[in-house]
Amino acid sequence: MKRTVRTLPAGLRALYAAALALTLLAGGFAAWAGWDWYGAAHDDSAAYAVQRDQALAAGEQAVENLNTLDHRSVDRGLDLWESSTTGDLHDQLVAGRKEFTAQVKTAKTVTTARVLSGAVSELDDRAGRARVLVALRVTVKAPGGQSTDKDSRMLGELTRTGGGWKLSALGQAPVGGTSAG
């Protein structure tokens, strides 16, 4: 028995070749995109950036909280101070609360702070520790209605707790050529 081999017309062969090339190209692109996605999803630097951003946001908010207090609602303000802190700083605030409340009510001042900028200077994600530098403008309104603005830079240390990042130390940042200590 004689076999006959049929060949496809040239136009149909070109169409099949183009379809095969497009299929291979699409498969290659899908493999590359999947590999790229997997790499990004398992990249430690993305998780580190999230922790850095969370620490910065918490640090800025805590520094602003600890520089804002109204004599008409001292207890609410001090509650906010305590909820923003942990460790020795928290213990100091709790221990001195009664005397500080009396001082603020006597002075009758309203202090508000606004964060101008902030940065994370150190982050140890594994240990749950961070340091932030926060620039803020503090406005103090005296009982006579006169207010004054003061710009300051604060250095804060943060500790990650079960409730998120909290301020564990706070102090003035050195200015100009002065040393830190």
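Visitor: How much space lies in the largest pocket?

Guide: In this predicted model, the largest pocket holds about 160 Å³ of space.

Visitor: And which residues line the largest pocket?

Guide: The lining is made by Leu-66, Asn-67, Thr-68, Leu-69, Trp-81, Phe-100, Val-104, Thr-109, Thr-111, Val-138 and Val-140, and at least two lining residues come from each of helix H5 (97-107) and strand E3 (129-141).

Visitor: How many of the lining residues are nonpolar, polar or charged?

Guide: Seven of the lining residues are nonpolar and four are polar, while no charged residue takes part in the lining.

Visitor: Turning to helix H3, which residues are buried there?

Guide: Within helix H3, which spans residues 74-83, the buried residues are Val-74, Gly-77, Leu-78, Trp-81 and Glu-82, and Trp-81 is also one of the residues lining the largest pocket.

Visitor: Why do the buried residues of H3 line one face of the helix?

Guide: Looking down the axis of H3, the buried residues fall within an arc of 140°, so they line one face. In an α-helix there are 3.6 residues a turn, so residues three or four places apart point the same way.

Visitor: What do those buried residues of H3 pack against?

Guide: They pack against helix H2 (44-65), strand E1 (69-70), helix H4 (87-95) and H5.

Visitor: New topic: where is Gln-172, and what is it in contact with?

Guide: Gln-172 belongs to strand E5, residues 164-172, and, leaving aside neighbours within four places in sequence, Gln-172 is in contact with Ser-152, Arg-153 and Met-154.

Visitor: How far apart are Gln-172 and Arg-153?

Guide: They are 19 residues apart in sequence and 6.1 Å apart in space, C-alpha to C-alpha, and a polar atom of the Gln-172 side chain lies 3.4 Å from the backbone oxygen of Arg-153.

Technical notes. Residues numbered from 1 in each chain as written. Predicted model: local features only at pLDDT ≥ 70, side-chain atom pairs only at ≥ 80, totals over all residues. Heavy atoms only, no water. 1 Å grid on protein atoms, 1.4 Å probe; cavity = no way out; pocket = protein on both sides within 12 Å on 5 of 7 lines; lining within 4 Å. Points joined across faces, edges and corners; volume = space filled by probe spheres on them. Helix = DSSP H or I, 4+ residues; strand = E, 2+ residues; numbered from the N terminus. Nonpolar A, V, L, I, M, F, W, Y, C, P; charged D, E, K, R; others polar. Contact = heavy atoms within 4.5 Å. Polar contact = N/O pair within 3.5 Å; in protein donor to acceptor, adjacent residues only side chain to side chain. Buried < 20%, exposed > 50% of the residue type's maximum accessible area, 1.4 Å probe, protein only. Arc of directions from axis to C-beta.
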